[in-house]
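Please have the sequence and the model to hand while reading.

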Amino acid sequence: MTVVTTAVLIGLGGVITFCVGTWLAMRRRDQTYDLEALRQVHDRDEIDRAYNEQIGPDEFDHVTCLSCGEEYDLKRSACPRCGRTSFNF
């Protein structure tokens, strides 16, 4: 092979690589988002915000576990006795 042929093949490979990379990037950018999942996150945030406005964290310090009846500090994420959160009935 001559130097010119090698240079042309390297240039053609570079162009093909660039085109494929650009095509993949554009395809990834065109992917749609799941609006239902976004709506669920938004609704959950609204419910949390409304709940926090209705019952502020200053109104109570302790939570009673609905499973075992243990009273524990509100700062804990789960009951120290049975390990369930206040939302697991």
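R81 is exposed, with a relative accessibility of 56%, where exposed means over 50% relative accessible area, buried under 20% and partly exposed in between, using a 1.4 Å probe and protein chains only. In the chain, R81 lies in the segment that follows β2 (71-73), strands being DSSP runs of E with at least two residues, numbered from the N terminus.

Apart from neighbours within four places in sequence, R81 is in contact with C68 and E70, contact meaning heavy atoms within 4.5 Å. R81 and E70 are eleven residues apart along the chain, and their C-alpha atoms are separated by 6.9 Å. Towards C68, the side chain of R81 reaches the backbone oxygen at 3.3 Å.

**Basis of the model**

The model is predicted, and local features need pLDDT of at least 70, side-chain atom pairs count only at pLDDT 80 or more, and totals for chains, interfaces and linings use all residues. Residues are numbered from 1 along each chain as its sequence is written, while side-chain values use heavy atoms, with hydrogens and water left out.

**Cysteines**

The structure holds zero disulfides, a disulfide being a pair of cysteine sulfur atoms within 2.5 Å. For C68, the closest cysteine sulfur is that of C79, at 3.6 Å, which is too far for a bond; C68 itself is partly exposed, with a relative accessible area of 27%.

The sulfur of C82 has its closest cysteine sulfur in C65, at 3.6 Å, again too far for a bond. C82 is partly exposed at 35% relative accessibility.

Technical notes:
Helices (H or I, at least four residues) and strands (E, at least two) are DSSP runs, numbered from the N terminus. A polar contact is a pair of N or O atoms within 3.5 Å; within protein, one must be able to donate a hydrogen and the other to accept it, and residues adjacent in sequence count only if both atoms are side-chain atoms.
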